[in-house]
Amino acid sequence: MSFLILIIGFILLIKGADIFVEGSSSIAKKFNVPPMIIGLTIVAMGTSAPEAAVSISSSLAGQNDMSIANVVGSNFFNILVVLGVSAIIAKLPVEENTIKKDTPFLIFISALLLVLGFNLNLSRLDGVIFLILFAVFLINMIKSNLNSRSNETSSGETAIAIEVSEEKEAVSLPKTLVLCLVGIVGIVFGGDLVVDSATSIATAFGMSANLVGLTIVAMGTSLPEFVTSVIAVKKGETEIAIGNVIGSNIFNILLVLGLAALIHPMTISFIALIDTMFMTAITVLLYIFMKKNNSLNRVHGIIFLVIYIAYMVYTIVR
C-alpha cells in the first residue's frame, strides 16, 4: 500500500509542479516581474512548504533531529541533485545579482547556522534572528523588483525572457492565480504523500530518525524543488530553476528553522553539526562555480551528483 501511495505522490508532484511553473511564469509576464524574483520568492516558498510542515511538526513533537536533518539534508539535496540534474539537462546561465547578492547571502546564513549551532543548541533568540533576516531578505526582493520595473520603464526594454503563446497571454489573472493555487496544492499534498509513504517504508527497515530525516524525508520534501526546477529548465525557464533552489535554501534556514526554534528550542547533535558543515561547504562550492563561469554546465552537474552519492554513502555507513 505504501508503494501505491508513493506513486500517487509522485504523480501529484509532477503535475502540480508543471501547473505551478506555468502559473508563475504567467504572473511574471503580466506584472513585468523578472522570473528570478518569482523563483526566489513565490516558487521557492511554494515548493518549500513540505520542509516547513515537516520541520515545524517535528519541533512541536520535540523531534529536533528530524527538524535539523530535514532542512540541512534538503538544502544540500537542492544544490547537488536539483541543480546537478538541471545543469546536466541544459546549461544554466546565472544572473549577476545571483552571484553578487543571493548566493553570498545564502553562504552567510549557512555559516551563521553553523556558528550558532556550535553550542549544539538553537535557542528562541536564534530563531528570532533568523526570522528578522528572512524579513530583510523579502524586503530586498521587493526593492529589487521595484528597481527592475523602474529600469524597464526608463529604458523601454523587456527584462523577462519568457516565451508565452498568445493563448497563454490571454489567460485572465484570476485563472492564473487559480492555476498557481492548484499547482501548490498538488506539490504540497504530493510531497506529503511521498514523505509519509517513504518514511513508512524506510522505518520498516530499521533506519534511525536522523538518517530518515537526512535521506528519505529530505529527499521527499525536496522533490517539489526537483520536479519544479527540471520542468522549468525543459521549458527554458533557467532563471526560475536557479532562483527556486537559492530561494528555497534561504527559506529553509531562515523561516523554517526560525519558526521551529521559536516554537521549541532545538538541540543539535554532533552528527547534525557535521552535516551543516557539509551543507555550508557545498554552498561555497556552488558560488565558486557560478563566479568562475557565470553559469552551471554539465561538468558542474556531474561533479555535484558524484559528491552527493559519496556523501550519502558516508551518511549510511557512519
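Before you click anything, one term: a residue is buried when its relative accessible area is under 20%, exposed when over 50%, and partly exposed in between (1.4 Å probe, protein chains only). This is a predicted model, where local features need pLDDT of at least 70, side-chain atom pairs count only at pLDDT 80 or more, and totals for chains, interfaces and linings use all residues. Residues are numbered from 1 along each chain as its sequence is written, and side-chain values use heavy atoms, with hydrogens and water left out.

Start with the whole chain in cartoon view. You'll find twelve helices and four strands; helices (H or I, at least four residues) and strands (E, at least two) are DSSP runs, numbered from the N terminus. Of the 318 residues, 53% are buried.

Now select F77 and Y308. Both are buried. Their rings make an edge-to-face pair, 5.6 Å centre to centre with 80° between the planes. F77 sits in helix α4 and Y308 in helix α12, 231 residues apart. As for the rule, rings of Phe, Tyr and Trp (its six-membered ring) pair if their centres lie within 6.5 Å; planes under 30 degrees apart count as stacked, over 60 as edge-to-face and the rest as tilted.

Next, pick F289 and F304. This pair is tilted, at 5.5 Å centre to centre and 50° between the planes. F289 belongs to helix α11 and F304 to helix α12, so the pair ties together parts 15 residues apart in sequence. These two are buried as well.

Which residues have the most contacts inside the largest nonpolar core? Select F76, L122, I253 and L254: they are the ones, in a core of 59 residues. Such a core is a set of buried Ala, Val, Leu, Ile, Met, Phe, Trp, Tyr and Cys residues joined through side-chain atoms within 4.5 Å. Helix α10 gives the most to this core, with 14 residues.

Zoom in on I253. Leaving aside neighbours within four places in sequence, its contacts (heavy atoms within 4.5 Å) include V71, L106, F130 and M279.

Last stop: T283 in helix α11. T283 counts as buried because its relative accessibility is 1%. Not counting residues up to four places away in sequence, T283 touches I79, L106, I107 and S110.
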